[in-house]
Amino acid sequence: GLGYQRRVREAVVSTQSTGYNLSAVSNGILACTTAMLGDSPDPMDPKELVPTKTKRPAVAMGEPSSNSESTTVDDAERKSSPSEHNEEELADEILMAELEKQRNPVEPVKLNDNVFAVHPKPWCEHLEDHVHSAPATLEKSPACQTCGDNSESWYCLSCYQVNCSRYVNEHALFHFIDSGHLMTLSMADLSVWCYGCDSYVHNEKLLDAKDKGHIAKFGVPAVSVSL
């Protein structure tokens, strides 16, 4: 009786982990009972112990199946996995493309062998939502709030968090990616960069922050220039 009991347990375990083989379970129970009563049980076919997966329809909740044939759960998982991986790969590609673009900004215009110039945009669509009032004073060389470097600092013009440049540890760039804040002021040359436009911008809406940056660097307000 112990041999048949073992085979019954194997069949039950197989059904729990991989699907229901009702023939194996019922035949095993019958053989075990016969042995316990003292009769000689019929030999079991070993193939009956091989688990057979039943097909269960894998249909999204609330959506009727368009197939007349049922689809196994494993088939549904295999079909859904590639799309999930594709979405993750696409998100990674977009992030890497954005990083590469911001790490390689627009090239300056060469005026002669020694002089280069960058022409900022006079206006951009992000000025209204991404430039907020500057605090009363700005620091001349504030430290990056992530790594502590103060060699090339940028103020976020939305929240005025300080981060280092792309040429240090790129924390200004990562702040933009994490927060969505698009515009930032360099304390090195008081230029403003818009991540959304991928360009420098100079507009009267930026003069308050630039003027306070100029006072921090040189002790006096910037010279007023008509725009």
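Select Ser199: at 11% relative accessibility, this residue counts as buried (buried means under 20% relative accessible area, exposed over 50%, partly exposed in between, with a 1.4 Å probe and protein chains only). Ser199 sits in strand E7, residues 199–200; helices (H or I, at least four residues) and strands (E, at least two) are DSSP runs, numbered from the N terminus. Now show what touches Ser199: leaving aside neighbours within four places in sequence, the contacts are Lys121, Val192, Trp193 and Cys194, where contact means heavy atoms within 4.5 Å.

A word on ground rules. Residues are numbered from 1 along each chain as its sequence is written, and side-chain values use heavy atoms, with hydrogens and water left out. The model is predicted, so local features need pLDDT of at least 70 and side-chain atom pairs count only at pLDDT 80 or more, while totals for chains, interfaces and linings use all residues.

Next, select helix H6, residues 207–218. Its buried residues are Ala209, Lys210, Lys212, Gly213 and His214, and they pack against strand E5 (183–186) and strand E6 (192–194). Check the end C-alpha atoms of H6: they are 16 Å apart, in agreement with the 16 Å that twelve residues should span at 1.5 Å a residue (the expected span is 1.5 Å times one less than the number of residues). Step off the helix onto Gly219, whose phi is positive, near 85 degrees.

Last stop: colour by pLDDT, the predictor's confidence in each residue, from 0 to 100. The chain's mean is 73, and 50% of its residues reach 70 or more. Over residues 11–20 the pLDDT is below 50, and this stretch has 14 contacts in the model beyond near neighbours in sequence.
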